[in-house]
Amino acid sequence: MGIGLYIGKSRRQKPAEPTSPSLGQIEFPDIDKTIRNAEEWLGKIVVVNHWATWCPPCLKEIPVFIEYQRQKGGQGVQVIGIAHDLLDATRRFSDEIGMNYPSLVAIIGGGELMRAQGNHTGALPFTAIYDQSGQLARTHLGEMDWEDIDKAVSPLL
C-alpha cells in the first residue's frame, strides 16, 4: 500500500513551464523490468499519466486512457503510464485491466520528475503532454475524462 496524496476530478490544465524536462529525460523500467526511455516515442504526441494502484481517481481514469490509446494511437498519439507504486502491484493491475500502453514504474525519481513537469504538490493523478519534438506542452493535475484529454491533445496533432 502506498502513501501519498491524490486528488479527484478537476479542470486544472495549464501550459508547461519553460524549464520542463524533455521526453529524453524520462527513463524508468516497465512492468517487465526493461529500462525504457520515452525518447523512443519522439515524433508522436506523448501523454504521460502519473498514477498509482492506491489512487481511486487514477484507477477511474485509466480506462479512458486505454480507450484514447485505442482510438488515437493510429493518429500519432502514445499514452504512457508512470506508476508511483510497487512493480508487482503495477504489473498485476496492468494485466487485470488490459492496459494497451506501456506502464513504467517510478520506484525512484518519480516525484522529482513530477516536480520538474510542474506538479509541485506531488498529487496524483497528474498528466503531462509532450509534443512531437519531445517538449512538454501541457499539464493537468487531477482526473481526466475523454474531453479533457482530447482538448489538450487535439491542438498538437
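At 8% relative accessibility, Asp30 counts as buried, a term that stands for under 20% relative accessible area, with exposed meaning over 50% and partly exposed the range in between (1.4 Å probe, protein chains only). The model is a predicted one, in which local features need pLDDT of at least 70 and side-chain atom pairs count only at pLDDT 80 or more, whereas totals for chains, interfaces and linings use all residues. Residues are numbered from 1 along each chain as its sequence is written, and side-chain values use heavy atoms, with hydrogens and water left out.

The structure holds seven salt bridges, each defined as a side-chain nitrogen of Lys or Arg within 4 Å of a carboxyl oxygen of Asp or Glu; among them are the following.

| Salt bridge | Closest N and O atoms |
|---|---|
| Asp30 and Arg36 | 3.2 Å |
| Arg91 and Asp88 | 3.1 Å |

Glu143, in the loop between β8 (136–141) and α4 (146–153), and Lys60, in helix α1, are 83 residues apart, so that their pair links distant parts of the chain. Glu143 is buried at 9% relative accessibility, whereas Lys60 is exposed at 57%.

Arg91 and Asp88 both belong to helix α2 and stand three residues apart, about one turn of the helix; helices here are DSSP runs (H or I, at least four residues), as are strands (E, at least two), numbered from the N terminus. The buried residues of α2 (residues 87–97) are Leu87, Ala89, Thr90, Phe93 and Ser94. They lie on the same side of α2, because they cover an arc of only 165° around the axis, taken from the directions from the helix axis to the C-beta atoms.
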